[in-house]
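Dear colleague,

Please find below the sequence and the structure that I am handing over to you. My notes on them come directly after.

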Amino acid sequence: MPEAALLTKNLRKDIGSKTIVSDINLNIHTGEVFGFLGPNGAGKTTTIRMIVGLSRITQGDIFINGHSVRTAFREAMCDVGCIVENPELYKYMSGLDNLRMFARLYAGITQARIDEVVKLVHLEDAIRGKVKTYSLGMRQRLGIAQALLHRPRLLILDEPTNGLDPAGIREMRGLFRSLAEQGTTVFVSSHILAEMQQMCDRVGIIHHGRMVTVKTVDELVDMSHSGGVQLLVRTGDNGKALACITELNIQAGMEKDGVRVSTEPARVPEIVRALVGAQIDVFALDTQEAHSLEDVFIKLTGEEQQNG
Ligand SMILES: Nc1ncnc2c1ncn2[C@@H]1O[C@H](COP(=O)(O)OP(=O)(O)O)[C@@H](O)[C@H]1O
Ligand SMILES: [Mg+2]
């Protein structure tokens with residue numbers, strides 16, 4: 001069993017008399033893209049600040065590649081690259097000068113390594129331009145390049161997709177994938193499940209300072225399907241189709257452009273057979289998820305009880 005890239009044991013943070021996070025147990029595998037998901041105020045940044053040594057641990061411990069953050073801080077940190085909240089960049093300097101300046105903080109970072117990280121985050125064309133002319137997505141990527149300079153085995157990013165457009169998020173996903181393939185573990189937080197679904201292998205959900213669950217993205221998607229499917233059936237005679245489907249004791253209703261049907265996936269062939277048998281022309285059968293991932297998230301975090 002390879003050593004966990006990041007392990008937290010009963011991690012807890014109190015600020016004043018308030019417990020902000022408690023019992024945080026995470027086991028992040030080497031080479032995975034792990035999503036740390038939770039609504040605003042859940043405790044993501046608080047946890048991450050402890051992991052990267054920006055905030056004192058109240059209780060518990062953190063191990064990075066086997067090194068305790070409490071007792072072997074330097075060894076633990078030399079393998080970590082991180083951006084907490086926003087990357088620190090000099091806006092009036094070029095991207096390249098930012099990287100060169102940052103590189104001086106470490107021993108042995110060559111121009112070749114700088115070129116390598118620039119290529120990795122696809123900033124070759126813009127790297128000589130001033131950071132103030134960069135889009136938000138480009139700044140994030142420059143921040144990631146900076147965090148990667150010293151070849152950390154673990155990259156920790158706190159809400160890197162905040163404010164990014166879909167294209168920026170797609171770039172980020174591609175970048176995480178290629179990093180993971182090269183053996184860098186990526187730990188990334190977000191409050192948006194759909195983004196985590198696109199970017200991550202596994203997702204850990206934090207809510208009110210506690211871990212709710214850790215699941216693979218596939219498991220989360222399965223959960224979203226388990227409640228059944230919704231179909232929009234478009235036919236030559238929707239009135240007749242509605243009667244036909246209702247006769248099967250399947251829940252259906254008329255919509256402007258077809259018949260909406262809620263059922264289990266296993267009953268879909270039966271519907272098609274019945275319609276064809278009744279000589280109704282079927283033009284389209286569009287499937288929609290009955291339960292969105294957001295529904296699953298809300299179910300797991302139990303928010304509907306508080307808001308309902
Ligand atoms: N320095 C602090 N003092 C008091 N409360 C804090 C402090 N920092 C964070 N909190 C509270 O802790 C909770 C978790 O915050 P945070 O970790 O920033 O959440 P997230 O990053 O998931 O949005 C919030 O309720 C926040 O108000
Ligand atoms: Mg935060």
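This is a predicted model: local features need pLDDT of at least 70, side-chain atom pairs count only at pLDDT 80 or more; totals for chains, interfaces and linings use all residues.

Residues are numbered from 1 along each chain as its sequence is written, chains are lettered from A and ligands numbered from 1 in the order in which they are written, and side-chain values use heavy atoms, with hydrogens and water left out.

I begin with the ligand. Ligand 1 is surrounded by Ile15, Ile20, Pro39, Asn40, Gly41, Ala42, Gly43, Lys44, Thr45 and Thr46; a residue is counted here if one of its heavy atoms lies within 4 Å of the molecule. A polar backbone atom of glycine 41 is 2.7 Å from an oxygen atom of ligand 1, and for lysine 44 the corresponding distance is 2.8 Å. For alanine 42, a backbone N or O atom lies 3.2 Å from an oxygen atom of the ligand.

Lys44 also belongs to helix α1, where Lys44, Thr46, Thr47, Ile48, Met50 and Ile51 are buried. Buried means under 20% relative accessible area, exposed over 50%, and partly exposed in between (1.4 Å probe, protein chains only). Helices (H or I, at least four residues) and strands (E, at least two) are DSSP runs, numbered from the N terminus. Because six of the eight residues of α1 (residues 44-51) are buried, the helix is largely enclosed by the rest of the structure. Just after α1, glycine 53 has a positive phi of about 80 degrees.

Next, the largest pocket holds about 450 Å³ of space. Its lining comprises 20 residues, of which Gly81, Cys82, Ile83, Val84 and Phe102 are the closest to the centre. A pocket is an open set of points on a 1 Å grid over the protein atoms alone where a 1.4 Å probe fits, with protein on both sides within 12 Å along at least five of seven lines; lining residues have an atom within 4 Å of a point. The volume is the space filled by probe spheres set on the points, which are joined across faces, edges and corners. At least two lining residues come from each of α2 (73-77), β6 (80-83) and α5 (136-148), and β6 gives the largest share, four residues.

Helix α10 (residues 268-277) has Val268, Ile271 and Leu275 as its buried residues. These lie on the same side of α10, because they cover an arc of only 60 degrees around the axis, taken from the directions from the helix axis to the C-beta atoms. The exposed residues Arg273, Val276 and Gly277 are on the face turned away from that buried side. After α10 comes glutamine 279, with a positive phi near 60 degrees.

Two further backbone angles deserve mention. Asparagine 10, in strand β1 (residues 6-15), has a positive phi of about 45 degrees although it is not a glycine; at 43% relative accessibility, asparagine 10 is partly exposed. Histidine 208, in the loop between β9 (202-207) and β10 (210-216), has a positive phi near 50 degrees and is exposed, with a relative accessible area of 55%.

With kind regards

Notes. A polar contact is a pair of N or O atoms within 3.5 Å; within protein, one must be able to donate a hydrogen and the other to accept it, and residues adjacent in sequence count only if both atoms are side-chain atoms.
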